[in-house]
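Subject: A structure for you to explore

Hi there,

Here is the structure I promised to pass on to you. Have a look around it first, and then read my notes below.

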Amino acid sequence: MPLWLFSLFRRRLFVDLVAVLVTGLFAGGVSCAAVQGGLLTGLITRQRAAQPQGSVRARLADDLTPVGGFLAGKLVSHTVLGALLGAVGSAAELSVGARTWLQIGAGLLIVVFGLAQLGVPGFRKIVIEAPQSWMKVVRGRARSRAALAPALLGFVTVLIPCGVTLSVEALALSSGSALAGAATMAVFVLGTGPLFAVLGYAAHKAATAWRGRLAVATGLVVLAMGLYTLNGGLELSGSPLAASRIAHAVGFADEPAVTTASSTMDGQQTVVITATTGAYSPDNVQVRAGVPTTLVVKSDNAQGCVRSFIIRDEQKILPVRGETRIDLGVLQPGRLDYACGMGMYTGVITVI
């Protein structure tokens, strides 16, 4: 590679990595905490945690050890994924269906953690530890033992990506380099670190010094995070148990369908919705059946989960600004649901 071209590549990579770090700090942490933060918090509150002893520095180290293990495991797996994406492209990506069921499984696991923390019969004795045979690796050190199970959990979170992670994965995929892809994912994980550190620290304090006073509060928080994560998976799968479907069934109907978002010209129907940070608008569009239809998603400074747009089990990564055209074919009467990659933001196309 010519020296000038290598220098240009290096400068571009640096600029991209700064943007990725900022994304992790201000968007990735919040988005990923919705799922992965629930797993981390639930696990830490169900570990056998000893009361931190010693100096302030020693107690702080004890409190941060589990989250340190979690982030280390997450950093390793996401860096490897970034290298694979940069080197071999989409072959390293999970299908939408697989990620949907993984999110449902994660939600159920967090719910179990919450029920255990609340002391519900049948769940209260659940404690999360790495297998005893694996403990030999850490030579009996208390902090290493406390970090091992979170590290394993952090490693497998690569299978449960949040919406922002998916957009960063797309950036790693487009890098065309294993090194650049690995650097992209690693910097993103480092950017999400501060929020996870706060979550892990609070969870560990609740599991030790504050156990007696905040056990119920932390249990309710973990349970709420689990139900939120589970509902996202149910929304993605189109389950009748999803909150939006239940609300519709009991009489809390969707907003009236908007008819002005669609137009027909030369026998071709076009539907336009706008993706902004935190919403799709309008979220209920009325269209005609029996007409070839194209969906146009306009991104208006879209950030976060909305950029991972899923419809008919297919995912489109939306740009921050611009248009994405999706051929829907000839629609049949009924409803066509869509959602962001985590099921947090949803919408429906009503076909009549």
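In strand β5, T293 stands opposite Q269. These two residues belong to a pairing of β2 with β5 (residues 292-300), which is parallel and has 7 bridges. Please keep in mind that this is a predicted model.

Q269 also stands opposite T264. That takes us to β1 (residues 262-265), which runs antiparallel to β2 (residues 268-276) and is joined to it by 4 bridges. The hairpin of β1 and β2 has 2 residues between the strands, and D266 takes a positive phi near 55 degrees there.

Strand β3 (residues 279-281) pairs with β2 in the antiparallel sense over 3 bridges. This hairpin too has 2 residues between its strands, and G278 in the turn has a positive phi of about 95 degrees.

Next, the inside. The largest nonpolar core has 55 residues, and Y280, L295 and L328 are among those that touch the most other members. Helix α1 (residues 3-45) gives the largest share of this core, 8 residues. If you click on L328, look for its contacts with T293, L295 and I349, among others.

Finally, the surface. A nonpolar patch there includes V76, F155 and L159, and its residues together have about 570 Å² of accessible area. Helix α2 gives the largest share of the patch, 4 residues. Is V88, a member of the patch, buried or exposed? V88 counts as exposed because its relative accessibility is 52%, and the cut-off for exposed is over 50%.

Happy exploring!

Terms used. Residues are numbered from 1 along each chain as its sequence is written. This is a predicted model: local features need pLDDT of at least 70, side-chain atom pairs count only at pLDDT 80 or more; totals for chains, interfaces and linings use all residues. Side-chain values use heavy atoms; hydrogens and water are left out. A nonpolar core is a set of buried Ala, Val, Leu, Ile, Met, Phe, Trp, Tyr and Cys residues joined through side-chain atoms within 4.5 Å. Buried means under 20% relative accessible area, exposed over 50%, partly exposed in between (1.4 Å probe, protein chains only). Contact means heavy atoms within 4.5 Å. Patches are made of residues with over 30% relative accessible area and no salt bridge: like charges are joined within 9 Å, nonpolar side chains (Val, Leu, Ile, Met, Phe, Trp, Tyr) within 5 Å. Accessible areas come from the Shrake-Rupley method with a 1.4 Å probe; for residues, only the protein chains shown count as cover. A salt bridge is a side-chain nitrogen of Lys or Arg within 4 Å of a carboxyl oxygen of Asp or Glu. Two strands pair if DSSP finds at least two bridges between them. Lists of a residue's contacts leave out its neighbours within four places in sequence.
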